[in-house]
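Biologist: I would like to learn how to read salt bridges and a nonpolar core in a model. Could you take me through them with an example?

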Amino acid sequence: WLEYPFSGPVDVDYIEIVNGFSTEGGFRSNGRVTLLEIRAGATSICKPLADTQQTQRLDVSLPATPVVRLYVQSAVAGTETEDVGLSEVRFFGRTVQ
């Protein structure tokens, strides 16, 4: 899993993700995520990811949390390796006071 701690509780509205390795020639060579589980405290949401190098927006509406964890639930193997990656992960929301 990947863990993203924040400096305090945050309401996360959506996450932007670039699936796989977005380097020249690396996208098809390496594995890509097909189903991603997003956990924040007791909340768990599964979201499918498209097999594309384009930025994907995942609407999640997570309750106030100081940390988000991402779990790869399924992936497609690459042509040269079974390594799986996410190139970019960005969170959008607001700090809870």
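Modeller: Let's start with Arg69, which is partly exposed at a relative accessible area of 30%. Buried means under 20% relative accessible area, exposed over 50%, and partly exposed in between, with a 1.4 Å probe and protein chains only. This is a predicted model, where local features need pLDDT of at least 70 and side-chain atom pairs count only at pLDDT 80 or more, while totals for chains, interfaces and linings use all residues. Residues are numbered from 1 along each chain as its sequence is written, and side-chain values use heavy atoms, with hydrogens and water left out.

Biologist: Which side chain meets Arg69 in a salt bridge?

Modeller: In general, side chains of opposite charge can pair when their charged atoms come close. The cut-off for a salt bridge is a side-chain nitrogen of Lys or Arg within 4 Å of a carboxyl oxygen of Asp or Glu. Here the partner of Arg69 is Glu3, at 2.7 Å from N to O. Arg69 sits in strand β4 (residues 56–76) and Glu3 in strand β1 (residues 2–19), so the pair ties together parts that are 66 residues apart in sequence. Glu3 is partly exposed too, at 36%. Strands are DSSP runs of E with at least two residues, helices are runs of H or I with at least four, and both are numbered from the N terminus.

Biologist: How many salt bridges does the structure hold?

Modeller: There are 7. Among them, Arg39 and Glu37 meet at 2.8 Å, N to O; Arg39 is partly exposed at 33%, whereas Glu37 is buried at 9%. Asp59 and Arg57 also form a salt bridge, at 2.8 Å, and Asp59 is partly exposed at 44%. Glu16, Glu88 and Arg90 are linked in a network of salt bridges.

Biologist: Now the core: which residues touch the most other members of the largest nonpolar core?

Modeller: In soluble globular proteins, nonpolar side chains tend to be buried together. A nonpolar core is a set of buried Ala, Val, Leu, Ile, Met, Phe, Trp, Tyr and Cys residues joined through side-chain atoms within 4.5 Å. The largest one here has 17 residues, and Ile17, Leu36, Ile38, Val60 and Leu62 touch the most other members. The elements giving two or more residues to this core are β1, β2 (32–40), β4 and β5 (86–95), and β4 gives the most, with 5 residues.

Biologist: What does Val60 touch?

Modeller: Contact means heavy atoms within 4.5 Å. Leaving aside residues up to four places away in sequence, Val60 touches Val12, Asp13, Tyr14, Ile15, Ile38, Ile45 and Lys47.
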